[in-house]
Amino acid sequence: MKFLIAFAVVLAVALAAPVDEKDAQIVKYDNDHQGIDGYNVAYETSNGISGKEQAELRKFPDDVAAIVVRGSYSYTGADGQVYTVNYVADENGFQPDAAHIPRA
């Protein structure tokens with residue numbers, strides 16, 4: 001019985017250990033492609049990276065159309081803290097927003 005408990009503890013520690021970056025696997029991936037009108041994508045990896053993004057076709061004046069993207073991604077830094085970046089990419093360019101990104 002003691003061996004079984006010790007084995008369970010060792011197994012739990014091994015499963016909780018961080019995954020080496022080169023060995024990371026995709027554990028979740030959703031992709032809803034809506035043709036030229038846009039898309040929705042979400043993913044998670046075994047090393048704690050996740051992200052989601054949605055895009056839509058937006059019409060601008062003078063018959064100009066472009067894809068506008070909103071999304072976010074998260075990862076665990078070397079310090080063990082989870083960092084999240086939210087972003088928009090539209091007619092004003094790429095605009096990231098996160099607590100750890102310096103502001104002007």
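Predicted model: local features only at pLDDT ≥ 70, side-chain atom pairs only at ≥ 80, totals over all residues.
Visitor: Let's get oriented. What elements does the protein have, and how do they run from the N terminus on?

Guide: There is one helix, along with six strands. Reading from the N terminus, the order is α-β-β-β-β-β-β.

Visitor: How many aromatic pairs does a search of the whole structure find?

Guide: Four of them.

Visitor: Take Tyr73 and Tyr75. Why is that pair called what it is, stacked or edge-to-face?

Guide: Start with distance: the ring centres are 6.4 Å apart, and the limit for a pair is 6.5 Å. Then the angle: the planes meet at 20°, and anything under 30 degrees counts as stacked. So Tyr73 and Tyr75 are a stacked pair.

Visitor: And what makes the pair of Tyr73 and Tyr87 tilted?

Guide: Here the centres lie 6.3 Å apart, with the planes at 45°. Stacked needs under 30 degrees and edge-to-face needs over 60, so at 45° the Tyr73–Tyr87 pair is tilted.

Visitor: Which parts does that pair tie together?

Guide: Tyr73 sits in strand E4 (residues 64-76), while Tyr87 belongs to strand E5 (residues 82-90). The pair therefore links parts that are 14 residues apart in sequence.

Visitor: Is Tyr87 buried or exposed, and how do you know?

Guide: Its relative accessibility is 12%. Buried means under 20%, so Tyr87 counts as buried.

Visitor: Which residues form the aromatic cluster?

Guide: Tyr73, Tyr75, Tyr83, Tyr87 and Phe94 make up one cluster.

Visitor: Zooming out, how much of the protein counts as buried?

Guide: Of its 104 residues, 18% do. The accessible surface comes to about 8,000 Å², and carbon and sulfur atoms hold 59% of that.

Visitor: Where is confidence lowest, and where is it highest?

Guide: Helix H1 (residues 2-16) has the lowest mean, 45, and strand E2 (residues 38-45) the highest, 96. Over residues 1-15 the pLDDT stays under 50, and the model has zero contacts there beyond four places in sequence. For the protein as a whole, the average pLDDT is 84, with 82% of the residues scoring at least 70.

Terms used: Residues numbered from 1 in each chain as written. Heavy atoms only, no water. Phe/Tyr/Trp six-rings, centres within 6.5 Å; stacked < 30°, edge-to-face > 60°. Helix = DSSP H or I, 4+ residues; strand = E, 2+ residues; numbered from the N terminus. Buried < 20%, exposed > 50% of the residue type's maximum accessible area, 1.4 Å probe, protein only. Areas by Shrake-Rupley, 256 points an atom, 1.4 Å probe, with all protein chains shown as cover. pLDDT = per-residue confidence, 0-100. Contact = heavy atoms within 4.5 Å.
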